[in-house]
Structure formats: C-alpha cells, structure tokens
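This report describes a few side-chain pairings in one protein structure. Please look over the sequence and the model before reading on.

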Amino acid sequence: MATKQCGRFLKQPVTTLPDFLLPAFQVIPHITRRSFASSAPRTSRVGAAPIALPPEVNLRLLDPPKRRGAVTRVEPPKTIEIEGPLGKASVQLPPFVSYSIDDAAKKATLSVIDKKSRDQRELWGTTRSYLQNHILGVSEGHTAILRLVGVGYRATIEPTAITVKPAYPGQQFVSLKVGYSHPIELGLPMGVKASTPLPTRILLEGIDKEVVNSFAATIRKWRKPEPYKGKGIFVNEETIKLKAKKIK
C-alpha cells in the first residue's frame with residue numbers, strides 16, 4: 001500500500017516557476033540599507049557641549065530628601081539649584097548624569113555613566129537643554145510676544161477679573177477682546193509678568209521658558225490664526241500662508 005502511494009506522488013507533474021519569478025524567491029545573504037543622506041551618520045553632541053555660566057549665576061547641588069523608614073533600591077534624582085539676579089530655578093538630574101564646574105573658565109559640563117546606552121544619551125542632551133534654559137532664564141529671562149491681528153482685537157492687563165478668581169495674592173489678568181460677546185480673562189501664572197506696549201501686542205516675561213511659552217499657547221488658543229483672512233493671535237515670529245477664498 002505504501003509503495004502504491006509513493007508511486008502516485010512520483011507520477012504527479014512537477015510545477016516550475018517562470019524565469020521572471022526566480023529572482024523574487026532567491027535568498028539574498030546580505031542586504032545593504034541605503035540611506036537618504038549621502039553623508040556618514042553622526043550622533044548628536046549636545047549633551048557634551050559645555051554651558052557658559054554668567055558671572056552673576058551660581059549653581060548648587062542639593063542633597064536628596066531623606067525618607068524615614070523607607071528602603072528603596074532606586075537612587076533618588078539629584079537637584080541643581082540655579083540662582084541669578086532674576087530669581088531661582090531648579091533642575092532634576094537623572095541618577096546616571098553628573099556635572100562638573102570649571103571655576104576658572106566659568107563653564108559647566110554634564111556627563112553620563114554609559115555613553116553607549118541609548119536612554120542615557122537621550123536624557124543627556126535633554127537635561128543639558130533644561131539646564132541651559134534655566135541659566136538663561138535667571139540671568140536674562142525668557143520672553144514671548146503675541147500679536148493680535150483683527151478688526152477690534154485688543155488686550156489689556158487688569159489687576160482684577162470678573163469671571164476668574166485669583167489663584168494667589170496679587171495675581172494679574174490678561175483681558176482679551178478678540179471677537180467674542182464678552183472679554184476673555186486669563187490669570188497670569190506665578191513668576192510671569194505681562195505688559196501691553198501696544199493695544200495689539202502682549203509681552204510675556206519670566207524665568208521659566210516652559211511656563212512662558214505654555215501661557216502664550218493658552219492665549220493663542222482663544223483665536224487661532226485662520227488661513228483665509230489672516231486674522232488671529234500670532235506668537236513670536238509665527239506666520240500663516242493665506243489660501244484662496246472659496247467661490248461658490
């Protein structure tokens with residue numbers, strides 16, 4: 001019986017592939033990837049770049065807080081306090097990031113334990129950018145300029161508000177008139193100062209770049225730039241490409 005089945009399979013015709021399909025089924029031992037750029041790949045060196053320290057800025061490493069009765073194997077993050085003429089700020093360093101200061105050259109440098117680790121390299125450059133922004137913030141400050149473009153659009157800085165309660169004593173409010181039936185009142189975050197050099201200009205100042213830009217985005221949200229008439233609230237050098245009007 002087994003002999004008959006083997007003979008039956010041997011008698012079946014063998015199918016062969018056409019010649020033009022053979023290259024698709026061939027096994028290629030090695031395929032070289034072709035990149036879009038002709039230059040050789042290079043890693044970023046942002047994390048290793050030294051940070052220039054202004055003479056009036058001081059850095060101080062704070063000890064991590066001690067927890068009573070808590071035992072953990074995770075090393076707590078270190079904190080650097082930056083003090084300058086405009087105020088104080090702090091940056092948390094991951095456990096694998098260390099910093100050194102050259103007092104003679106007035107420069108700070110960050111380093112990591114394992115430069116081959118991808119996670120450490122990514123946070124290396126990010127931590128360096130945070131530290132650079134805070135040093136610039138306590139020495140010179142960060143600004144954001146908003147432009148109100150539209151008929152009747154204007155803004156004022158008010159000490160009190162009708163629709164919003166103050167979150168802290170002495171809080172000021174930005175009052176926007178941007179086409180709604182009522183003014184939009186927004187409270188300034190702590191540490192941010194606002195002024196209106198022109199009725200259609202808002203100047204935000206603060207030591208924390210993230211807080212300043214975040215509040216600028218909150219103001220912009222109430223009247224985003226539209227592409228047909230070009231009206232809206234523009235932040236810094238923001239522009240918009242106008243579209244052709246829809247003709248029915």
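A residue is called buried under 20% relative accessible area, exposed over 50%, and partly exposed in between, using a 1.4 Å probe and protein chains only. By that rule Arg118, at 58% relative accessibility, counts as exposed. The model is predicted: local features need pLDDT of at least 70, side-chain atom pairs count only at pLDDT 80 or more, and totals for chains, interfaces and linings use all residues. Residues are numbered from 1 along each chain as its sequence is written, and side-chain values use heavy atoms, with hydrogens and water left out.

A salt bridge is a side-chain nitrogen of Lys or Arg within 4 Å of a carboxyl oxygen of Asp or Glu. The whole structure holds 3 salt bridges.

| Salt bridge | N to O distance |
|---|---|
| Arg60 and Glu81 | 2.6 Å |
| Glu122 and Arg118 | 3.1 Å |
| Arg220 and Glu238 | 2.9 Å |

Helices (H or I, at least four residues) and strands (E, at least two) are DSSP runs, numbered from the N terminus. Arg60 in strand β2 (residues 58-62) and Glu81 in strand β3 are 21 residues apart. Arg60 is partly exposed, with a relative accessible area of 46%, whereas Glu81 is buried at 15% relative accessibility. Glu122 and Arg118 are 4 residues apart in helix α3 (residues 118-139), so about one helical turn separates them. Glu122 is partly exposed at 43% relative accessibility.

Strand β3 (residues 78-84) also contains Thr79, which is buried at 18% relative accessibility.
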